[in-house]
Amino acid sequence: PERGDTLLYLNGVTVSFDGFKALNSLSLFITAGEMRAIIGPNGAGKTTMMDVITGKTRPQSGDVYFNGDIDLTQLDEARIANLGIGRKFQKPTVFESQSVFDNLKLALAGQRRVFESLFFRLSSEQRDRIESVLRTVSLFEKRWALAGSLSHGQKQWLELGMLLMQDPEVLLVDEPAAGMTDAETAATAELLKEINRKHTVIVVEHDMVFVRALGVHVTVLHEGSVLAEGSLDKVQANQKVIEVYLGR
Ligand code: ADP
C-alpha cells in the first residue's frame with residue numbers, strides 16, 4: 001500500500017541484538033480504524049514490533065511511519081505517546097490504593113504528580129469523560145471501589161480505561177485476555193470491539209478462542225517477519241502456520 005493510505009506503516013524493519021534478528025525485514029501495514037490481531041509463537045518478534053512502534057527500540061533498518069508522513073524512527077517514546085499511540089502492557093499497573101474513579105482521574109492528569117493530580121478539580125466535561133469511560137469498560141458500578149479490590153480481569157479493563165482517558169488514535173494491547181476466566185475473556189473481546197468503534201487497535205494475543213471472538217484480520221509473525229495474513233480460518237489452514245505451531 002501507499003504510505004499515505006496507512007495509519008501505521010512498517011516496511012522492511014530489521015532489529016538485531018548482537019547479530020540475532022528479532023525482526024527480519026518485517027512489513028506491516030495498518031489502516032486507520034481497523035483492529036488487527038498479531039499472533040505467533042514465543043520469540044516471533046511481537047514485543048519487539050511494539051517496541052519499534054512506540055519508540056522503545058530503534059530499528060537498524062527499515063521505515064516506520066505514523067499517519068503517512070511522521071517518521072517514528074526519529075522520535076522518542078514520550079513524543080510518540082503524545083502523537084496518540086497508546087500501549088497497554090500485559091501486567092496491569094493500576095494504583096491499587098486508589099478508587100477506580102481516581103485511577104481514571106490520574107490517567108487524565110497524565111504527567112502530573114500523583115499527589116497533585118488527586119486534588120485537581122475536574123471540569124464537568126472531564127467528569128463526563130470519566131463516566132463515559134467507566135461505562136465503556138463496565139466499571140461504572142465499581143467506580144468507588146479500590147482498584148486493589150478488583151478481579152484480575154477488571155484491573156485489565158481499568159487499565160484499558162486509563163489508556164482511553166488519553167484518547168489515543170491507536171491502542172497497542174498486549175495479551176489482554178491473559179489469565180482471564182472464559183466469561184472475562186468473552187467480555188474483553190466485546191470491550192475491544194467497542195473501543196475499535198472509535199480507535200484503531202492492534203492486539204497481540206496467544207488465545208485463539210479470544211482471537212476468534214474478535215473476528216478480525218490476523219497477522220502471523222514468525223522469526224521476525226510475516227508468515228501469513230488474513231482471516232483466522234485462512235491462516236489456521238496455512239501449511240506454514242501449521243508447521244510453526246506444531247513445531248515441525
Ligand atoms: P515475542 O514477543 O513474539 O515472544 P520478542 O519480540 O520478545 O518475541 O523476541 C524476539 C526475539 O528477540 C527473541 O528470540 C528474544 O529472545 C530476542 N530479544 C528480544 N529482545 C531482546 C534484547 N533486548 N536482547 C537480546 N535479544 C532480545
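By class, the shell around the ligand holds three nonpolar, six polar and one charged residues. Here Ala, Val, Leu, Ile, Met, Phe, Trp, Tyr, Cys and Pro count as nonpolar, Asp, Glu, Lys and Arg as charged, and the others, Gly among them, as polar. The model is predicted: local features need pLDDT of at least 70, side-chain atom pairs count only at pLDDT 80 or more, and totals for chains, interfaces and linings use all residues. Residues are numbered from 1 along each chain as its sequence is written.

The residues surrounding the ligand are Phe17, Ala22, Gly40, Asn42, Gly43, Ala44, Gly45, Lys46, Thr47 and Thr48; a residue is near a molecule if its C-beta atom, placed from the backbone, lies within 6 Å of it. Helix H1 (residues 46-53) gives the most to this shell, with three residues. Helices (H or I, at least four residues) and strands (E, at least two) are DSSP runs, numbered from the N terminus.

Six strands form an open sheet with mixed pairing, in the order S6-S7-S8-S3-S9-S10. Strand S6 (85-88) and strand S10 (225-230) stand at the edges, each with a single partner strand, so one side of each is left without a neighbour in the sheet. On average, neighbouring strands of the sheet are turned by 20° against each other, direction ignored. Axes are lines fitted to C-alpha atoms, for helices over the stretch in contact, and angles run from 0 to 180 degrees between N-to-C directions.

Two strand pairs are set out below; strands pair if DSSP finds at least two bridges between them.

| Pair | Sense | Bridges | Opposite residues |
|---|---|---|---|
| S6 and S7 (residues 170-174) | parallel | four | glycine 86 and leucine 171 |
| S7 and S8 (residues 200-204) | parallel | five | aspartate 174 and valine 204 |

Four of the five residues of S7 are buried, so S7 is largely enclosed by the rest of the structure. A residue is buried if 20 or more other C-beta atoms lie within 10 Å of its own, with C-beta atoms placed from the backbone.

Helix H10 (residues 239-246) lies across strand S9 (217-222) and S10, and runs at about 120° to S10.

Helix H3 (residues 100-109) packs with helix H6 (residues 152-165) at an angle of about 35°, their axes 8 Å apart. Val100, Asn103, Leu104, Ala107 and Leu108 in H3 meet Leu158, Gly161, Met162 and Met165 in H6, contact being C-beta atoms, placed from the backbone, within 7 Å. This contact has seven nonpolar, two polar and no charged residues.

Conventions. Two residues are in contact if their C-beta atoms, placed from the backbone, lie within 7 Å. A residue is buried if 20 or more other C-beta atoms lie within 10 Å of its own, exposed if 12 or fewer, and partly exposed in between; C-beta atoms are placed from the backbone.
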